[in-house]
Amino acid sequence: HESTTTTPIDVPYMEYSLWNTQCHWELPEQNNSVIIVNSDEELARYITCETETSYPTVDFTKYTMIIAYGYTTHGIYDTVIDSLQQISETEYALNINVVTRDTDASKQWTKALLVDKWEQLYNINLNVDVTKLIN
């Protein structure tokens with residue numbers, strides 16, 4: 001039979017951020033995990049807001065959200081999405097680079113991406129590369 005191995009395909013995405021809101025992610029205590037969100041109700045489970053503020057709405061008829069998160073041993077300086085690729089008919093690879101330095105900054109990182117609506121659930125292989133900034 002023919003091999004089903006395909007060349008990784010870059011998947012377009014938009015980053016979703018709680019920047020400039022009084023809301024923050026409320027995620028399970030797991031390291032380097034991925035959550036797939038397909039509705040407003042699901043999204044509301046993972047965001048906590050102080051006061052009556054709101055967070056940016058998502059049109060879940062058009063998009064699926066991927067929330068990737070984890071922890072580091074040092075304060076986080078920056079978190080960068082290197083790539084999101086489809087590596088097979090059922091699998092994606094999400095490559096994230098977390099840059100740390102000796103600060104009191106948060107040790108939890110979170111990246112949320114919006115991709116075109118998924119008609120099925122895919123497995124996401126999360127590859128996290130942690131690099132330390134030398135001051």
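The loop between strand 2 (14-16) and strand 3 (23-25) is where Asn 20 sits; strands here are DSSP runs (E, at least two residues), numbered from the N terminus. Asn 20 has a positive phi of about 65°, even though it is not a glycine. Asn 20 counts as exposed because its relative accessibility is 73%, where exposed means over 50% relative accessible area, buried under 20%, and partly exposed in between (1.4 Å probe, protein chains only). This is a predicted model, so local features need pLDDT of at least 70 and side-chain atom pairs count only at pLDDT 80 or more, while totals for chains, interfaces and linings use all residues. Residues are numbered from 1 along each chain as its sequence is written, and side-chain values use heavy atoms, with hydrogens and water left out.

Asn 32 turns up in the loop between strand 3 and strand 4 (33-37). Asn 32 is not a glycine either, yet has a positive phi of about 50°. With 34% relative accessibility, Asn 32 counts as partly exposed.

Five bridges link strand 4 and strand 6 in the antiparallel sense, and Ile 36 stands opposite Ile 66 in strand 6.

Ile 66 also shows up in the largest nonpolar core: of its 18 residues, Ile 66, Leu 84, Leu 94, Ile 96 and Trp 118 touch the most other members. Such a core is a set of buried Ala, Val, Leu, Ile, Met, Phe, Trp, Tyr and Cys residues joined through side-chain atoms within 4.5 Å.

Ser 83 lies in strand 7 (residues 75-86) and, at 15% relative accessibility, counts as buried. Its side chain makes a polar contact of 2.8 Å with that of Asn 95 (a pair of N or O atoms within 3.5 Å; within protein, one must be able to donate a hydrogen and the other to accept it, and residues adjacent in sequence count only if both atoms are side-chain atoms).

Conventions: Helices (H or I, at least four residues) and strands (E, at least two) are DSSP runs, numbered from the N terminus. Two strands pair if DSSP finds at least two bridges between them.
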